[in-house]
Amino acid sequence: LDRLPAACPFLVAQILFVVGAYIGTVHIDASPSCQAYRWLVWAALVTFGSVGALSFFAYLRPLQWLMRSPMIQQLQMLFMHRYKALRPPPYLYISDGGLIEPLGLFPLLRRRQSRIVVSDAAEDPELSMRCLRDALAICRAEGICSFYDPAAPHRDMEFVLQDFRNSCTGFLHLGVCYEPGPSGEPA
């Protein structure tokens, strides 16, 4: 139900298309119906276009309802738009990182994000955390950042990962210490 307001403009545009197509096929030779067909199709296209354009301003409070639409999310991903606002969007979508780094961690670390949530769904029956270990190694090798345990920052990551493997907690909380960038920006 919470996605219904975001779906309404698209439903209206679809209805305009269907009615326009019906008028266009039933009254092919009649001039007034041809004009009505054009108006309905243009109204549908303007509705789609204006909702799509307004979605890029969804950081404004009156337009935040647009962020509930999966169609809007796909449109913004197509244009590689990043939603940035004081409050997070109502839905967060999780994606796979790919073949080299399956956690999807590197793009977020390269953008120096302050909070990152990672879900590791790799097949790992022994809980070796191979994907996380590979990501840690690549981050060190590329000089992006280093990781630490916020509860005990002086501990080596190998011991932290072993403790997690032997514990019954369902999550691992790590801190990130970014290295200064090439232009010398602070971590």
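Asp163 counts as partly exposed, because its relative accessibility is 40%, and in this predicted model its side chain meets that of Arg155 in a salt bridge, with 2.7 Å from N to O. Arg155 also counts as partly exposed, since its relative accessibility is 28%. Side chains of opposite charge can pair when their charged atoms come close.

At the start of α6, a side-chain oxygen of Asp156 reaches to within 3.1 Å of the backbone nitrogen of Glu158.

Glu158 takes part in another pairing as well, for it forms a salt bridge with Arg133, in which the closest N and O atoms are 2.7 Å apart. This pair links distant parts of the chain, as Arg133 belongs to helix α5 and Glu158 to helix α6, and the two stand 25 residues apart. Glu158 counts as partly exposed because its relative accessibility is 34%, and Arg133, with a relative accessible area of 24%, is partly exposed too.

The structure holds four salt bridges, and another of them joins the side chains of Glu142 and Arg110, at 2.8 Å from N to O. Here again distant parts of the chain are linked, with Glu142 in helix α5 and Arg110 in helix α4, residues 106–110, at a separation of 32 residues. Glu142 has a relative accessible area of 44% and is therefore partly exposed, while Arg110, at 48% relative accessibility, counts as partly exposed as well.

A last stop is Thr47, whose place is in helix α2, residues 31–54. Is this residue, Thr47, buried or exposed? Its relative accessibility is 19%, and because buried means under 20%, Thr47 counts as buried. If residues up to four places away in sequence are left out of the count, Thr47 touches Pro9, Ala13 and Leu16.

Conventions: Residues are numbered from 1 along each chain as its sequence is written. This is a predicted model: local features need pLDDT of at least 70, side-chain atom pairs count only at pLDDT 80 or more; totals for chains, interfaces and linings use all residues. Side-chain values use heavy atoms; hydrogens and water are left out. A polar contact is a pair of N or O atoms within 3.5 Å; within protein, one must be able to donate a hydrogen and the other to accept it, and residues adjacent in sequence count only if both atoms are side-chain atoms. Helices (H or I, at least four residues) and strands (E, at least two) are DSSP runs, numbered from the N terminus. Buried means under 20% relative accessible area, exposed over 50%, partly exposed in between (1.4 Å probe, protein chains only). Contact means heavy atoms within 4.5 Å.
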